[in-house]
Amino acid sequence: MIRMFAFLRPYRRAIGLVLGLIFLQSLSELYLPTLMADIVNHGIVTGNDGHIWRVGGLMLLVSAAGGLFSVAASYHSSKVSAGFGRIVRGRMFEHVEGFSLQEFDKFGTASLITRTTNDITQVQQVLLMMMRMMVSAPMMCIGGIIMAVSKDPMLSLVIVCAIPVLVLTIVSIGRKASPLFRSLQAKTDKLNLVLREHLTGVRVIRAFNRAGHEKKRFDLASLDYTETAVKVNKILAFMMPLMMLIMNLTSIAIIWFGGLRISAGHMQVGDLMAFLQYAMQIMFSMLMLSMMFVMIPRASASAARINEVLDTKPEIVDRPSVKAAARGGRIVFDRVTFRYPGAEQPALSDISFEAGPGETTAIIGGTGSGKSTLVSLIPRFYDVESGRVTIDGIDVREMTQESLRAKIGFVPQKAALFSGTIRDNIRFGKEDATDGEIRRAAEIAQAAAFIDEKPDGYDSVISQGGDNLSGGQKQRLSIARALVRKPEIYVFDDSFSALDFKTDANLRAALRQETRNATVIIVAQRVSTIRDADRIIVLDEGKIAGIGTHHELLETSDVYREIVSSQLTEEEIA
Ligand SMILES: Nc1ncnc2c1ncn2[C@@H]1O[C@H](COP(=O)(O)OP(=O)(O)O)[C@@H](O)[C@H]1O
Ligand SMILES: [Mg+2]
C-alpha cells in the first residue's frame with residue numbers, strides 16, 4: 001500500500017497543511033483539561049469568580065480554535081483523498097486500455113470493475129483515516145501521558161497497568177479480524193461477477209427459465225459475503241463494549257486511588273479531574289490506532305489488487321521500430337500455431353496461406369474450429385506461439401499497433417455497439433467522417449433503409465450494447481462502421497449470419513464493388529455466402545483441411561464436401 005502513496009505527490013502541500021492543522025487541534029485538546037484543573041483548583045475551591053471567568057473564557061477560545069482547525073483539516077483531507085482516488089482510477093483506466101485481450105481474459109471484466117471502483121474506495125477511506133489519526137493519535141497518546149505524569153506521577157501507575165491490557169485486547173481482536181477483511185474483498189468480486197452476468201444475460205436467463213437457478217447462484221454468493229461480513233462485524237461489535245469496559249474500569253481505579261491521594265493531601269481535586277480526562281484521551285487514541293490497524297489490512301489487500309493490475313505488463317507491446325508499410329494489404333500466415341493462455345491444445349496449428357489485395361479469402365468450418373481465433377491474429381489481438389503473420393512482408397509484431405489496426409476494418413462476430421446515436425456509432429470507424437461518407441457506408445451495408453425508417457434517422461439513439469436493435473441491424477451497423485474507414489483489409493467474422501438471404505446477397509454485391517482493391521477475409525457458415533471467393537480455407541479443429549476455390553475443394557476436400565452437401569441441393573453444387 002505504501003507504494004500507492006506515490007500517487008499523492010501532487011498533494012504534498014495539502015497533506016502538510018492537514019498534518020499541521022491536526023497538530024494544532026491536538027494541542028488545543030491537550031490544553032483543555034489543564035485549564036479545567038486550573039478553574040477548579042484556583043477558582044471554584046477558593047471561590048474566586050474573576051478567575052473562573054478569565055480561565056473559562058480562555059477555554060472557550062481554545063476549544064473554538066480547536067474546532068476550526070478540525071473543520072479545516074477535514075475539508076482538506078477529504079479533498080486530498082478524493083483527489084487520490086481520481087488519480088489512481090485514471091491511471092488504472094489508462095493502464096487497462098493498454099491491455100491486450102490476453103490480460104482481459106486473465107482478470108475478467110467483473111474483477112477489473114471492482115478493482116477500479118470498490119478497491120480504490122477502500123484505500124481512499126484508509127488514507128483519509130490515516131491522515132487524521134497518524135498525527136493526532138500518537139500525539140494525544142504521548143502528550144496525554146506527559147500531562148498525566150506531570151499532574152501526578154504516582155497515580156499514573158494506574159494507566160501503566162491499564163495500557164498492556166488494552167493493547168493485548170486490541171492485538172488479539174485485530175488478529176482475528178484482518179484475514180476476514182481480506183477475504184471480504186474477494187467475495188465482493190464474486191458477488192459482482194454473478195450480478196454482472198445476471199444483468200447482461202437477462203434475456204437468455206428468462207428465455208431458458210433459468211431465473212430460479214440464477215437467483216440461487218446470487219443468493220449463494222450473497223450469503224457467503226454476508227456471513228463473512230457478519231462475522232467481521234460481530235468481532236468489531238464485541239470490541240467496542242470491551243474497550244469501554246476497560247476504560248470505565250480504569251476510570252474507577254483512577255477515581256478510587258485519586259480520592260485516597262486527595263484525602264492524604266497529595267493531590268488537588270482539579271488535578272484529579274484533569275488526570276481522568278488525560279487517561280481517557282490516552283486510551284481513546286489507542287482505540288483509534290487499533291481501528292486503523294483493523295482497516296489497514298483490508299485496504300492493503302485492496303492495494304495489492306490494484307497494484308496487480310498496474311504491474312501487469314501487456315503481453316502485446318509496440319516495439320520501437322517500423323511503421324507499417326504504405327498501402328498494400330497482402331496478408332501472409334506462415335506456419336502459424338497459436339494457443340490461448342493456459343490452454344492445453346493449440347487453437348490453431350500450422351496455418352499457412354496468403355491473401356492479397358483484390359482477392360476475397362473465405363474461411364469456413366464448424367463452430368469452435370478456430371475461425372474467429374484465426375482472424376483475431378490479423379489485428380494482433382493475440383500474439384502467435386510460433387510462425388508469423390505478416391502484412392506486406394512486415395511481421396505484425398514489428399508494427400505499431402495503431403498503424404497496424406488503421407489498415408484494418410474489423411467486423412467482429414459479436415456486433416458491439418456503443419450507447420449514442422447511429423451516426424456516432426458509424427463514425428467510430430473514422431473520426432472525421434462526413435455525413436456523406438456515413439450515409440454511403442450505411443447504404444453499402446444495407447443499413448440505410450432501416451435507418452431512414454426511424455423517426456430520428458441517423459440521430460436515433462442506440463442503447464447500451466445496441467439492445468434496441470435486431471441482430472441483423474446490429475451486424476449491418478458494425479459493417480458500416482468498418483466500411484467508413486476505407487481500409488486496405490476487411491475482416492468479416494461471421495458478419496452475415498443474422499441477415500436474410502436477400503439482404504445477404506444485396507450486401508455482398510454492394511461490397512464487391514466497394515472492396516474491389518482491398519484484401520477481404522470473410523468468415524462464414526453459409527456456403528452460398530462464400531462460393532464465389534477466390535480462395536476458401538476449410539478449418540477443422542484448428543488445422544487447415546483444405547484450401548482452394550469452391551470447385552477445387554469439391555474435388556479434393558471431404559470436409560468441404562460434407563459442409564456443402566448439408567447446405568446445398570444437388571443442382572446448386574454443380
Ligand atoms: N478467449 C479465449 N480463451 C480461451 N479459449 C478460447 C477463447 N476464445 C476461443 N477459445 C477456444 O478456441 C477454440 C476456437 O474458437 P473460435 O475461434 O471462437 O471458433 P469459431 O470462431 O470457429 O467458432 C474453441 O475451442 C474455443 O473454446
Ligand atoms: Mg467464431
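**Core, helix and metal site**

Mentor: I536 touches A362, I364, I530, R531, G546, I547, G548, T549, H550, L553 and Y560, leaving aside residues up to four places away in sequence, where contact means heavy atoms within 4.5 Å. This is a predicted model, in which local features need pLDDT of at least 70, side-chain atom pairs count only at pLDDT 80 or more, and totals for chains, interfaces and linings use all residues. Residues are numbered from 1 along each chain as its sequence is written, and side-chain values use heavy atoms, with hydrogens and water left out.

Trainee: Which residues have the most contacts inside the largest nonpolar core?

Mentor: They are I426, L477, F492, I536 and Y560, in a core of 45 residues; such a core is a set of buried (under 20% relative accessible area, 1.4 Å probe, protein chains only) Ala, Val, Leu, Ile, Met, Phe, Trp, Tyr and Cys residues joined through side-chain atoms within 4.5 Å.

Trainee: And which residues of helix 18 are buried?

Mentor: Y560, I563 and V564 are, within residues 558–567 (helices are DSSP runs of H or I, at least four residues, numbered from the N terminus). They line one face of helix 18, because they fall within an arc of 95 degrees seen down its axis, taken from the directions from the helix axis to the C-beta atoms.

Trainee: What about the other side of helix 18?

Mentor: D558, E562 and S566 are exposed there, meaning over 50%.

Trainee: Switching topic, what coordinates the magnesium ion?

Mentor: S372 (OG) and Q413 (OE1) coordinate the magnesium ion (ligand 2) at 2.0 to 2.2 Å, donors being N, O and S atoms within 2.8 Å of the metal (3.2 Å for Na, K and Ca), and the site may look incomplete because water is not among the atoms.

Technical notes:
Chains are lettered from A and ligands numbered from 1 in the order in which they are written. Helices (H or I, at least four residues) and strands (E, at least two) are DSSP runs, numbered from the N terminus.
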